[in-house]
Amino acid sequence: MATKPGVRPRTGAPQKLDGHAGRTVHLPPYETVALVLQGGGALGSYQAGVYEGLTEVGIVPGWIAGISIGALTTAIIAGNAPENRVARLREFWETICEPPHTTAALPALEQLLFNTTDNMRKLLATFSAASAIQNGQKGFFIPRFPPPMPMIPGDPAAASYYDTGPLKATLERLCDFDRINSHETRVSVGAVNVGSGNFCYFDNTKMTLRAEHFMASGALPPGFPAIEIDGQFYWDGGLVSNTPLSEVLQTSPRRDTLAFQVDLWSAVGDVPTHVGAIGERTKDIQFSSRTRMVTDNLSRSQHFRRVLREVLDKVPAKTRQTDGWCKLAEEIACDKHYNIVHLIYRDKAYETEYKDFQFGAPTMREHWQSGLEDIRHTLKQENWLDMPTGDSGFITHDIHRPRK
């Protein structure tokens, strides 16, 4: 029998994964192993580091779901053979972290200066952010010339400060869309319909995906234009929800799931002591809080479903088959297991409110390294990948969360 995309057959025994880094991971027989990628612009190379760490131990997600920069990461991963994915991610990030028309500082000198002090890092970050605003980023976006006039109507696809045509060319160069649509990996990316305001997912199990679907998920206004797909226009999914976790965990039929949830914004942070820090903290709260809310709500929901399952098991079979309420309860009840492993990027001392559009190459590499170190640390934790037990069958892990 063919297996659906993103679903692996149950073998009943943990799978021993021997990574090339000399580490062994025992992976229980989850029906779904998912990689869930949040939006966060230039912070997204943290996701690439996490993925590299997963490949080191042989964990290959069967379902990748992303929003905004997470959708672009999803395209690069799903659009390449497993042995080429990390190299393609690196090529993508090295490309978009260059200015489009001017030569960046000598890479060795830039990296040398970056490795000195936080004040120097902050200065370089300021220059990189200013360059992104003024010049755009290679293979990603360029300023419109002439710039759009605020009150003059025109084509919705041109109503933005930047043109993302270069991104389409980059995705089509680095991604094999035939592979994406082959269902080798299930792919879901979130976007918002501009006309209706409704949130939706573009999913390769339901439609044929093109570069435009991934671009739509990252079309953050007013910087980037709405993307037209089949006569409808779409914006960045982060406007409504910055994490696709609920899409993965609430799919039907429900399955035993291990999800690596990669967040680029931390809900935990310092109270701003000056006006300049308010913008950064606002973004952190705005884009991270929904992840916490989704996790808490799903945990409670699964607890109720499991309780209902236990109660139904005590009802005589004949009653369950004939009673209308019991039949309805059977549809709702669930005894599946859900393990959510959080990888949450932690701000560096030199970062400010423009960290999501600061595309400096040294900063990008540090984000990448942070993701790699976090997932390596996570995978060393004993029993963290085990199938959850307990009343709810739902558990979350986070190496940055204080132990009780």
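This is a predicted model: local features need pLDDT of at least 70, side-chain atom pairs count only at pLDDT 80 or more; totals for chains, interfaces and linings use all residues.

Biologist: Which residues in α1 and α3 meet?

Modeller: From α1 come S45, A48, Y51, E52 and T55, and these meet R85, V86, L89, R90 and W93 in α3. Sorted by class, the residues of this contact between α1 and α3 comprise 5 nonpolar, 2 polar and 3 charged.

Biologist: How do the axes of helix α2 and helix α6 cross, and at what angle?

Modeller: The axes of helix α2 (residues 69-78) and helix α6 (residues 165-174) come within 9 Å and cross at roughly 25°. Because angles under 35 degrees count as roughly parallel, α2 is roughly parallel to α6. Their contact is made by L72, A75 and I76 of α2 together with L167, L171 and L174 of α6, and by class it has 6 nonpolar, no polar and no charged residues.

Biologist: Turning to the rings, how many aromatic pairs does a search of the whole structure find?

Modeller: The search finds 15 aromatic pairs. In one of them, F92 and W93, the ring centres are 5.6 Å apart and the planes stand at 85°; centres within 6.5 Å make a pair and planes over 60 degrees apart count as edge-to-face, so F92 and W93 form an edge-to-face pair. Both F92 and W93 are buried.

Biologist: What is the geometry of the aromatic pair that F140 and F359 form?

Modeller: F140 and F359 are also edge-to-face, with 5.8 Å centre to centre and 90° between the planes. This pair links distant parts of the chain, 219 residues apart, with F140 in the loop between α5 (118-135) and β5 (142-143) and F359 in the loop between β12 (338-344) and α13 (361-379).

Biologist: Why is F140 called buried, and why is F359 called buried?

Modeller: Buried means under 20% relative accessible area; F140 has 6% and is therefore buried, and F359 has 5% and is therefore buried. Ring pairs also link F140 and F359 with F141, Y162 and F224 into a cluster.

Definitions and conventions:
Residues are numbered from 1 along each chain as its sequence is written. Side-chain values use heavy atoms; hydrogens and water are left out. Contact means heavy atoms within 4.5 Å. Helices (H or I, at least four residues) and strands (E, at least two) are DSSP runs, numbered from the N terminus. Ala, Val, Leu, Ile, Met, Phe, Trp, Tyr, Cys and Pro count as nonpolar, Asp, Glu, Lys and Arg as charged, and the others, Gly among them, as polar. Axes are lines fitted to C-alpha atoms, for helices over the stretch in contact, and angles run from 0 to 180 degrees between N-to-C directions. Angles under 35 degrees count as roughly parallel, over 145 as roughly antiparallel, 65 to 115 as roughly perpendicular and the rest as oblique. Rings of Phe, Tyr and Trp (its six-membered ring) pair if their centres lie within 6.5 Å; planes under 30 degrees apart count as stacked, over 60 as edge-to-face and the rest as tilted. Buried means under 20% relative accessible area, exposed over 50%, partly exposed in between (1.4 Å probe, protein chains only).
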